[in-house]
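Let's walk through how to read a structure, one feature at a time.

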Amino acid sequence: MSRRYFAVIPAAGTGSRFGGDVPKQYLPLHGSPLIRHTMGALLADPRIERVVVVLAPDDAFWDEDCTPVGMLARVSVVREGGATRAISVINGIKWLIDNIKAEPDDWLLVHDAARPCLNSVQLSSLIDGLKDDPVGGLLAIPVADTLKRADTVCRVEATIDRQRLWQAQTPQMFPMGLLHMALSSGSLDGITDEASAIERLGQQPRLVAGSLTNLKVTYPEDLALAEMILSADQARSNT
Ligand code: C5P
């Protein structure tokens with residue numbers, strides 16, 4: 001049987017850097033909740049059989065308006081978010097294994113709830129670039145700016161050589177069994193993305209060139225940028 005594709009969106013974060021009473025994934029963006037754009041971006045690719053959204057158990061903001069129109073059958077909402085992103089992802093994987101009989105060789109794409117501007121070109125280049133890869137990998141962009149490391153009082157301690165440095169994005173795509181093992185073996189300290197768990201096993205995820213437009217909404221001013229990116233995408237697809 002050919003390998004299937006699934007996606008997990010960990011969405012149990014509180015968005016402490018963003019602030020506010022409503023978690024950022026539920027804020028209105030371009031006419032609908034932010035997370036609906038994130039889900040829509042993944043569901044637009046018919047290869048992705050199902051998207052599992054992992055919410056905090058006490059999430060009071062999720063409602064039916066969060067699922068893109070006509071997509072209910074390909075969406076599962078699992079209220080088993082954990083204390084860290086890694087735990088939320090592990091619980092999404094367990095749900096897929098228990099309920100959909102996902103196999104270790106199936107591909108899993110993990111995508112941040114707060115990246116609503118992923119477009120079909122970026123998603124296709126990730127899937128097409130990795131579908132025959134033994135390890136898997138992630139969308140990322142080469143660092144463009146000069147990097148400074150600060151001391152504790154915000155004075156430059158050092159300039160970091162930016163050559164061969166990339167900024168990791170999502171989706172990150174790995175064989176489900178490999179990712180499950182990587183996240184389940186050892187401490188989760190310092191594991192801020194799926195690739196870092198895979199690297200801990202001694203594997204080297206592949207970097208697939210993404211785009212700056214696939215931004216993560218982290219601070220309030222990012223919302224206006226996301227709005228502009230979605231408007232520009234819509235204008236392009238209308239021409
Ligand atoms: O905090 P950060 O922006 O890195 O979170 C990345 C993603 O992980 C977000 O989609 C967030 O909702 C999710 N997350 C989670 N469970 C946590 C912490 C973060 O699902 N405990």
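Q: How much space lies in the second largest pocket?

A: First, the ground rules. This is a predicted model, where local features need pLDDT of at least 70, side-chain atom pairs count only at pLDDT 80 or more, and totals for chains, interfaces and linings use all residues. Residues are numbered from 1 along each chain as its sequence is written, and side-chain values use heavy atoms, with hydrogens and water left out. A pocket is an open set of points on a 1 Å grid over the protein atoms alone, where a 1.4 Å probe fits, with protein on both sides within 12 Å along at least five of seven lines; lining residues have an atom within 4 Å of a point. Here, the second largest pocket holds about 440 Å³.

Q: Which residues lie nearest the centre of the second largest pocket?

A: They are H37, L118, L230, D233 and Q234, out of 15 lining residues. Helix α6 (220-238) gives the largest share of that lining, five residues.

Q: What is the volume of the largest pocket?

A: About 700 Å³. Its lining has 30 residues, with G13, R17, R85, D112 and K216 nearest the centre. β10 (166-175) supplies the largest share, four residues.

Q: Which residues touch the most other members of the largest nonpolar core?

A: In soluble globular proteins, nonpolar side chains tend to be buried together. A nonpolar core is a set of buried Ala, Val, Leu, Ile, Met, Phe, Trp, Tyr and Cys residues joined through side-chain atoms within 4.5 Å; buried means under 20% relative accessible area (1.4 Å probe, protein chains only). In this case, I35, I48, V53 and L109 do, among 28 residues. Helix α1 (34-43) gives the most to this core, five residues.

How values were computed
Buried means under 20% relative accessible area, exposed over 50%, partly exposed in between (1.4 Å probe, protein chains only). Helices (H or I, at least four residues) and strands (E, at least two) are DSSP runs, numbered from the N terminus. Grid points are joined across faces, edges and corners, and a volume is the space filled by probe spheres set on the points.
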